[in-house]
Amino acid sequence: AVVRKNDCLNAAKACNLNDTCKKYRSAYISPCTSRVSTAEVCNKRKCHKALRQFFDKVPPKHSYGMLFCSCPPNDQTACSERRRQTIVPVCSYEEKQRPNCLELQASCKTNYICRSRLADFFVNCQPESRSLSGCLKENYADCLLAYSGLIGTVMTPNYLRSPKISVSPYCDCSNSGNSKDDCDKFAEFFTENTCLRNAIQAFGNGTDVGMWQPMSPV
Amino acid sequence: GARRGKDLGLGYRSSEEMIFRYCSGPCRKSQTNYDKILYNLANNRKLPPKDTPSQACCRPTAFDDDLSFLDDNLVYHTVRKHSARKCGCV
């Protein structure tokens, strides 16, 4: 049998061999996988808090290594599925019902952390088709930091099951009424964002290594 | 050293790895009066012949942080008290 390389598996191995990464990884997986009642699969608030801590405390080399690992384009199982499972989506991402994206945005704006992190994301991952990087602010590290900052808020994004890299918070644009265009624009900032896609790919391919010096958490 | 999930014998099928730290070594220098008395009684054959209480033994006195991993069926597991952090003759 041909053993294909699995960057997402390798990143998980590297994490568990590093004391800090192992500790904070387990510290979010525990609450994100512990059933609290017959009705709820987990305590979502605790899961989100522990996920924010993981991305605050663990050096990007390890945390991004798992979140932005690169998978072969036609892989839909071993690698991509593992990458999708990084944030324990059954607890941190999925809801009983998929809300409208503008409603979700409104609920994010009522929370101080979510509001500021969403604003960061819109500033730092702004696409610009005329720039070589695909980004208005040509700094992939800032875009990835802003994106990973959304994990653990109500805007928690995750990879969609799609052949190309596409991410979205858990919402859609059905029932948008007159705001359909606004909603689509908001949703596409996640799903069709060239700047974010290039930043993720550059990290995964290791083509942007110069920018990956240790940085202090914000 | 690093160990693969499948090597642990806990029934998990996972390709992830972990560091397993264990305790080993002699504990002949008894640390408590209990151990000294036990040692002397055993040596002088003052104990019932079929009764041999354990001597001090090199064992974990503290464990590493919990370990979580994703198995080959994409299910998460968390194992506790799986690896030694501190050892002692207890």
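Between chain A and chain B, an area of about 1,600 Å² is buried, and carbon and sulfur atoms give 54% of it. Buried area here is the accessible area, taken with a 1.4 Å probe, that two parts lose on being put together, summed over both. On the side of chain A, K13(A), L17(A) and K22(A) lose the most area to chain B, together 31% of what that side buries.

Before going on, the ground rules. This is a predicted model, in which local features need pLDDT of at least 70 and side-chain atom pairs count only at pLDDT 80 or more, while totals for chains, interfaces and linings use all residues. Residues are numbered from 1 along each chain as its sequence is written, chains are lettered from A and ligands numbered from 1 in the order in which they are written, and side-chain values use heavy atoms, with hydrogens and water left out.

On confidence: pLDDT is the predictor's confidence in each residue, from 0 to 100. Chain A has a mean pLDDT of 91, and 92% of its residues reach 70 or more.

Now the interface. How many residues of chain A are in contact with chain B? There are 18 in chain A, and they are in contact with 20 residues of chain B; contact means heavy atoms within 4.5 Å. The rule finds 11 residue pairs in polar contact across this interface, both residues at pLDDT 80 or more. A polar contact is a pair of N or O atoms within 3.5 Å; within protein, one must be able to donate a hydrogen and the other to accept it, and residues adjacent in sequence count only if both atoms are side-chain atoms.

Helices α1, α2 and α5 of chain A each supply at least two residues of the side that touches chain B. Of the elements of chain A, α2(A) gives the most to that side, with 8 residues. Helices (H or I, at least four residues) and strands (E, at least two) are DSSP runs, numbered from the N terminus. By kind, the residues of that side of chain A divide into 5 nonpolar, 6 polar and 7 charged. Ala, Val, Leu, Ile, Met, Phe, Trp, Tyr, Cys and Pro count as nonpolar, Asp, Glu, Lys and Arg as charged, and the others, Gly among them, as polar.

Next, the salt bridges. A salt bridge is a side-chain nitrogen of Lys or Arg within 4 Å of a carboxyl oxygen of Asp or Glu. The structure holds 15 of them over all chains, and the rule finds 4 across the interface of chain A and chain B.

One salt bridge is between the side chains of K13(A) and E17(B), at 3.8 Å, N to O. K13(A) lies in helix α1 (residues 7–16) of chain A and E17(B) in strand β2 (residues 17–19) of chain B, so this pair joins two chains. Both K13(A) and E17(B) are buried; buried means under 20% relative accessible area, exposed over 50%, and partly exposed in between, with a 1.4 Å probe and protein chains only.

Another is formed by R25(A) and E16(B), at 2.8 Å, N to O. This pair also crosses between chains, from helix α2 (residues 19–33) of chain A to the loop between β1 (2–4) and β2 of chain B. R25(A) and E16(B) are both buried.

Within chain A, the side chains of E81(A) and R161(A) meet in a salt bridge of 3.1 Å, N to O. They are 80 residues apart, with E81(A) in helix α5 (residues 78–85) and R161(A) in the loop between β1 (157–159) and β2 (167–169) of chain A. Is each end buried or exposed? E81(A) is buried, with a relative accessible area of 10%, whereas R161(A) counts as exposed at 60%.

Helix α5(A) itself has 7 of its 8 residues buried, so it is largely enclosed by the rest of the structure. Among the buried ones are C79(A), S80(A) and Q85(A).

Two residues other than glycine have a positive phi. V88(A), with phi near 55 degrees, lies in the loop between α5 and α6 (89–92) of chain A and is buried, at 2%. K81(B), with phi near 50 degrees, lies in the loop between β5 (76–79) and β6 (84–89) of chain B and counts as exposed, at 62%.

Last, L150(A). This residue sits in the loop between α9 (140–149) and β1 of chain A, and is buried, with a relative accessible area of 0%. Leaving aside neighbours within four places in sequence, L150(A) is in contact with residues including R117(A), F121(A) and F190(A).
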